[in-house]
Each structure stands twice: as C-alpha cells, then as structure tokens.
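Hi,

Here is the structure I promised to pass along. Have a look first, and then read on for what turned up in it.

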Amino acid sequence: MSDASLTDAEARERHLIAEIDSISNQLCQAVDGQFEFHVHTDSDEIALQKMAQLNNFVLDSVRRTIRDLKASRDELESRVQERTQRLNLVLTATNDGVWEWDIDSGQLTLSQRWSSMLGLPHDEGRRGLDDWLALIHEDDRADVQRSLYQHLDGLTASVTVEYRIRDARGAWRMVLCRGLCQRNERGVAIRMAGTQTDTTEQRLGDPMTLLPNGAYLELLLQECLVRSPRPPLALVKFQLLNVASLFDGIAVDDAVGALRRLVQRMRQQLPPRVALIALPEHTFAMVFETDEVARLDEALEPLEALLSQPVEIDGQQVWLSHVSGVAVLDPAEPVSVDEWRHQSRLALANARLSDVGSRRYYSESLRQWERQNSRAEQLIRGALATNGVRCFVQPIVDSSTGEVRGFEALMRLYDPTEGIVAPASFIEVAERSGLIAPLWEMLMEQALPLLRDDIVRERFGGDFLLSVNLSTRQLMDPRLLDDMIAASRRHGVPHTRLQIEVTETSVLSDPIKAFHSLDRIREAGISVALDDFGSGYSSLAQLTSMPMDTVKIDRELVMNVTSLPRKRHVLSAVVALCQRLDYGIVVEGVEERETLEILHDWGATDIQGYIYSRPLPLDRLVQDFRPPKPYLAGLSSVSLARGTSLRVP
Ligand code: C2E
Ligand code: CA
Ligand code: CA
C-alpha cells in the first residue's frame, strides 16, 4: 500500500508508532545507565509530547537521585578514608598488630605489625587459628580460647585477654588482645577482628629499675626446669639492705635516676646472658648455669666488688650493704618453680640474719629452721592474744660500790604447754615479722611501773636506769621516741630514766637513718647503749662515730678470759678504747669472781651477769635479789678508781 492510498487514520497510526519507537530508542541510553539526555519528539500529537515530557521528568528525577547518591557516596568514602587514616595512625602510634579471623573458612589474617611484634616473617599466606594458639604459652592457651569462644557465642560484649606468646627468638612476650565479632542479620558471627598490643614492658618489666620483674623470673624459672637434659642451675637472690634510706630526702626523680644508674652498673658486672631481675624490697634475682660454689663465686665476684665500694648518690659517697641467698639445683632432682623459689627465699632470709655481705646456700637444715620459725610465730601470736608477755629483769651492778646502776628488761613469753619461753626461741622471728613492736609495748607496760615502785626505790635507790632492747625496725621507726615519751608519761615516770640497747647489726643495716634516730633519742635525754659489742662482727671504726653513751661488752668476749691470755688482751684493749672514748662500759655475762676481779682492775666495774643475778620475773625481784655488799673490801690492794688506769695482764 502506497502512502497516498493510506487513510488519515492509518497515516496517524504509523506516525504514532514511529514516534513511540523513536522515544523508546532514545530511552535505550537509560538501559545502558546513561541518564544525561532529554527525550524529544517532533510530533504535534499531544499524547506524544506528554509522554516525552513525563519521561524527561522521570529522567530529571533519576539524574537528581544519582547526583545525590554520588554526593553521599563521595562523602562516605572520604569519611571512610579519614577514619582509616586515623585508625592507621592510632595503630601505628600504639604499635598494635591487627588480626582478622574469618569464621567460616577458619582462616586468620594477620597484619605486618602483628608479625613483626613477635619478630616473625610476615607471610601474606593465610594461617589458621591453631597457628596462633600454638605460639601461646601453655598455661594461657585455654584462657585465650575460652575468651574467643565466649564472645563468639554471644556471652561477652568483646574479647579482652592478656597472654604470653613466644617470639621468633624463643623468648616470651606479654600481649593484650582485644577483638569484636561482626554478625549477620540473624546474629550469626561472620568474622572476628581485633588488635594485639605488646604489654611486655608493662607486665614483665619493673617500672622503677627498668629491669625484668618477678613475672619474668617466673617464666625464666619455668623455662629452666623444662629443659632436657636439665643443666645444673643456681638461683641467686641479692638484697640491698639500706637503699631506701639512702634515698631519703632526695627528690623522687633524682632517687629513681640514681637507682637506675646503680642497677645498670650492677647489670654490667654480670655475664651478658645472665639477666638481672628486680624483685620487691630491693632484691635482685639471677640464674646461673652451675652448681659449683667456686664458679658462682667467680661469677658474682665483680658484682660483690662493685657493692663493696662506695657508690655516689646525689653527690655523696655511700656504702651499700647487701646479703644474698642461693638455691642450687641438682640436675637429677625434680623440683617445681615454687619449691626452687622458696629455697632461695629461705636462704636469703637466713642470710639477712647474718652479717652484712654474707651469702647463704639453701640446705635441708634451713627447712628445720623454717619449721622452728613457724612454731615461734604461733607462740608469739598466742602470747599477743592472751597477754602472755612476761617481763624479766636483770640488774646491772657497780662492782665497786654494790650499787644497782640499772635493770635490763628481758622478754619472756608464757605458753600454756611450754611454760616460760626464753627469747632465743622467738626474738628473731618477732623482729623479722615486725611482731616485736606489739610484744615490746606489752613488755613496757609491765616494766615502766618499776621506776615508780616505792619498795624498789627503797631497796635500789631512785637513780637506776631501765634498759630496754630495741629491734632494727623499731630503731628505724620515726615514731619510736614519741611512743617512749608517751608511755613514760602514762606511767608517771621520767623518760630520762630509760636507756635503749641497740646492736651494731641494727645500726649498720642503715647507719644514716640509725644515727639520726639515735641523735634524737639522746637529745631527748634517753641514754643509748651499744649492745653485744664483741660478738661476731664488730667494727672499732664505728665505735668512734656512733651517737651513744655506753658500750655493753658481750659475754662472748668475756668468756674464759681467765684461762685464755690472748682473749684477755683483746678484752683489755676494748675496755681501754671505750674508756679513752669516754663511753660507759657494762660487761655482760660475768659468772665468775675471778673475771670480776680482772675487770675491776681495769676499771670496768658495771657488771651484768649471773654472778649477781639471773634475770628474774618482775614480781620476784625484791624478794630474790639483794644488792651486793661494796665489792673487794678485802681486796683494797687493787683499789683502783674507775677508769683511772689500765693494767694489762
Ligand atoms: P641480751 O640483750 O644480750 O641480753 C642478755 C642476755 O644474756 C640475756 O639472755 C641474759 O639472760 C643473758 N645473760 C646475762 N648474764 C649472763 C651470764 O652471766 N651468763 C650467761 N650464760 N648468760 C647471761 P636472754 O634473756 O635469754 O635474752 C637473750 C636476748 O634476747 C637478749 O640478749 C636480747 O638480744 C633479746 N631480747 C630480750 N628481750 C628483748 C626485747 O624486749 N626486745 C628485743 N628486741 N630483744 C630482746
Ligand atoms: Ca640487751
Ligand atoms: Ca647483750
């Protein structure tokens, strides 16, 4: 059919179809995702124009929506980027490693930092959870597993677990792991991701000295004990006794700096492979691979040499005192970490009772000592609970006049099964545990009334001193003087009638602090006596500088002087020195008349010993002790006034 033969209607229909087709073709661009066009029609048909118009509206709206979407996508992208940058910054700054665990595949992806934290090569290849767990310390592994699965099962809000993990060198590091699950719309966990922070320095380092700490020692000991075959091993503990007071009065920062320099110097004296580990109370631990005393001596010699020299602290030269305890392990003998540590602790505790500088080795006999200690502690606690402290007194008598110069208060404890117990069984433990202070207060409550007892005054006069023993800890206690004055006031007696007895070991454990305390006590009018002089380690040098009034010469120096001429020489020299230094002298432990005579000849007339009286219970004093007659009435050939001359036998 030719065009000419078409009816109007047919022509219109064709036109409409052609135009609709054209509009459809134009719209095809939209199918390809292209919306930047307008639909147009050349037709005059209203319906077509309307259709084109409406399409253009739709396109417009699509374009606007796309623009909006793009804008928000851009914004989101830049926000994500910013966040990622920030997160990266934080992770770099905190040095955290990142991990991601894909729950379905079980694969673990670790960041480069995660691997480098442990010195492991960073392989892009994926690992499983088991590879991670295998690196974790056996004792911590179950904890880590539990906390991952608890969070996975929705029991916890997040994962937070700290554990030890082995690094590439085989050493342990402490890390803190935090993580969170991502869940789908049904709440099923799809993946878990988180960070791993190295906390080794915080957890295994001592913030004060910057050395490894006790937790590190624990790991080290565990490692030593699982080695197979196990080498011979020695755990050495070293304690500096007077550090705290050396730093007294020094600004904290300076003290910390000085301590760090000191421990660094100590560290340098050890073989490079032996770690110096800081424990509480200025104690240090080291592990050596030997069980031979000679080799240990050799290894410790440089450290001991360093500590035998004065070190400079805050511009001053000061002497450090130390003791050490050693627990040597036999390679064949099975032992636990706790037992090993316990042995070294016992050895050190025992060394602390000995002279400064001493070293003690653990042995079975220390176990026995420990059992006695625990019995002693029971005894002390029982006495404290039942008011079981008993005060005994022993007179100090002037042998030339018979006058009582003083009474020493000596402690006893009452035990329901054992009866009266002497100090040898409990004083050491009481001093070490600090229980001596409450015991001593009970003792003072009984002793102080002696100074205002009318019958006592009538019998022994009103001038004698009440001499009391003090432990190291009490001497260093800044409240001691005030407490003594307050107690005297409570009992209505002048505190100036008190005398304290301190030992050289007490004073030397921390001379600066001790001297300061003694100065204050003497300024307040209380006398100071140096007890047990001549027993064990005595320093004549110390004698000249110590703030004190009287030296009490120990029984050890007096015993057998009548039969041992050399001993007599030593004793006479000590007596002469004390006289020259203008100290009062009390000679303890005099049991025989012959000794008394020798001492009298030398002018040492103040005597405390069984020759006059054993220690007596307070309530038996007046009854059981009468002051002796003025001595040597019949021996006037040697009537020497006290301190006037010296006759060396
Ligand atoms: P110490 O201070 O040297 O006391 C003297 C000790 O020697 C007393 O022993 C005394 O009984 C004994 N003794 C005195 N004369 C003789 C003698 O002629 N021959 C012999 N063989 N021994 C004599 P005690 O009472 O057993 O005291 C032992 C130590 O216990 C005291 O030695 C003192 O270090 C300590 N102690 C006693 N009471 C206290 C106290 O209240 N506090 C403190 N911290 N220590 C105390
Ligand atoms: Ca004493
Ligand atoms: Ca003594």
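Which elements each supply at least two residues of the shell around ligand 1? In this predicted model, they are β15 (404-415), α13 (427-433) and β19 (527-533). The largest share, four residues, comes from β15.

The shell around ligand 1 is made up of nine nonpolar, five polar and eight charged residues. Of the 22 residues there, Q394, R412, D531, E591 and Y610 come nearest.

A few polar distances may be handy for your work. A nitrogen atom of ligand 1 is 2.5 Å from a polar side-chain atom of E591. One oxygen atom of the ligand lies 3.0 Å from a side-chain N or O atom of E408, and for Y610 a backbone N or O atom is 2.8 Å from an oxygen atom of ligand 1. On its own, ligand 1 has 790 Å² of accessible area, and the protein covers 83% of that.

There is also a sheet to look at. It is open and has six strands in the order β3-β2-β1-β6-β5-β4, with antiparallel pairing. The edges are β3 (127-128) and β4 (159-166); each has a single partner strand, so one side of each has no neighbour in the sheet. Strands β5 (residues 172-183) and β6 (residues 189-198) are joined by nine bridges, and L176 sits opposite T197 in β6. Helix α5 (residues 138-152) packs on this sheet, where it touches β1 (97-102), β4, β5 and β6. The direction of α5 makes about 150° with that of β4.

Best wishes

Methods. Residues are numbered from 1 along each chain as its sequence is written. Chains are lettered from A and ligands numbered from 1 in the order in which they are written. This is a predicted model: local features need pLDDT of at least 70, side-chain atom pairs count only at pLDDT 80 or more; totals for chains, interfaces and linings use all residues. Side-chain values use heavy atoms; hydrogens and water are left out. A residue is near a molecule or strand if one of its heavy atoms lies within 4 Å of it. A polar contact is a pair of N or O atoms within 3.5 Å; within protein, one must be able to donate a hydrogen and the other to accept it, and residues adjacent in sequence count only if both atoms are side-chain atoms. Accessible areas come from the Shrake-Rupley method with a 1.4 Å probe; for residues, only the protein chains shown count as cover. Ala, Val, Leu, Ile, Met, Phe, Trp, Tyr, Cys and Pro count as nonpolar, Asp, Glu, Lys and Arg as charged, and the others, Gly among them, as polar. Two strands pair if DSSP finds at least two bridges between them. Contact means heavy atoms within 4.5 Å. Axes are lines fitted to C-alpha atoms, for helices over the stretch in contact, and angles run from 0 to 180 degrees between N-to-C directions.
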